[in-house]
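Hi there,

Here is the structure I promised to pass on to you. Have a look at it first, and then read my notes below.

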Amino acid sequence: EFFAPEGFRSKSLTAVKNNKDIDVAKLQQIMRDKHSIALDGGYGQIKGKTFRLSNMGDETEETVGNLLSSLDQALAKL
């Protein structure tokens with residue numbers, strides 16, 4: 001689920017609500033160590049309640065597909 005409501009979402013960043021109560025720090029570690037992908041785990045009052053994915057740069061269908069596949073694999077390990 002998106003963290004920001006429709007109309008307030010960034011085009012350069014996707015903030016995801018942690019509505020599954022996952023261990024965001026562990027997700028970050030798996031993504032970094034196994035897939036070489038960095039996730040931001042939120043900050044301040046939303047730390048651990050969200051995680052953020054960058055949409056900036058030269059993203060393609062292939063790179064986004066790789067990100068989503070890596071997320072699926074990492075989430076399966078939690």
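α1 is followed by Ser36, whose phi is positive, near 55°. Please keep in mind that this is a predicted model.

Let's stay with that helix for a moment. Helix α1 covers residues 24-35, and at 1.5 Å a residue its 12 residues should span 16 Å; the end C-alpha atoms are 15 Å apart, which agrees. At the start of α1, a side-chain oxygen of Asp23 comes to within 3.2 Å of the backbone nitrogen of Ala25.

Which residues of α1 are buried? They are Val24, Leu27, Ile30, Met31 and His35. Looking down the axis of α1, you will find these buried residues within an arc of 120°, so they line one face of the helix. An α-helix has 3.6 residues a turn, so residues three or four places apart point the same way. The buried residues of α1 pack against β2 (50-54) and α2 (61-76).

Next, the charged pairs: the whole structure has 4 salt bridges. One of them joins Glu1 and Lys17, with the closest N and O atoms 3.3 Å apart. This pair links distant parts of the chain, since Glu1 is in the segment before β1 and Lys17 is in strand β1, 16 residues apart. Glu1 counts as exposed because its relative accessibility is 53%, while Lys17, at 31%, counts as partly exposed. Another salt bridge is formed by Glu6 and Arg9, at 3.0 Å between the closest N and O atoms.

Finally, Ala15 also lies in strand β1, and its contacts include Phe2, Phe51 and Arg52.

Enjoy exploring!

Note on methods
Residues are numbered from 1 along each chain as its sequence is written. This is a predicted model: local features need pLDDT of at least 70, side-chain atom pairs count only at pLDDT 80 or more; totals for chains, interfaces and linings use all residues. Side-chain values use heavy atoms; hydrogens and water are left out. Helices (H or I, at least four residues) and strands (E, at least two) are DSSP runs, numbered from the N terminus. The expected span of a helix is 1.5 Å times one less than its number of residues. Buried means under 20% relative accessible area, exposed over 50%, partly exposed in between (1.4 Å probe, protein chains only). The arc is that of the directions from the helix axis to the C-beta atoms. Contact means heavy atoms within 4.5 Å. A polar contact is a pair of N or O atoms within 3.5 Å; within protein, one must be able to donate a hydrogen and the other to accept it, and residues adjacent in sequence count only if both atoms are side-chain atoms. A salt bridge is a side-chain nitrogen of Lys or Arg within 4 Å of a carboxyl oxygen of Asp or Glu.
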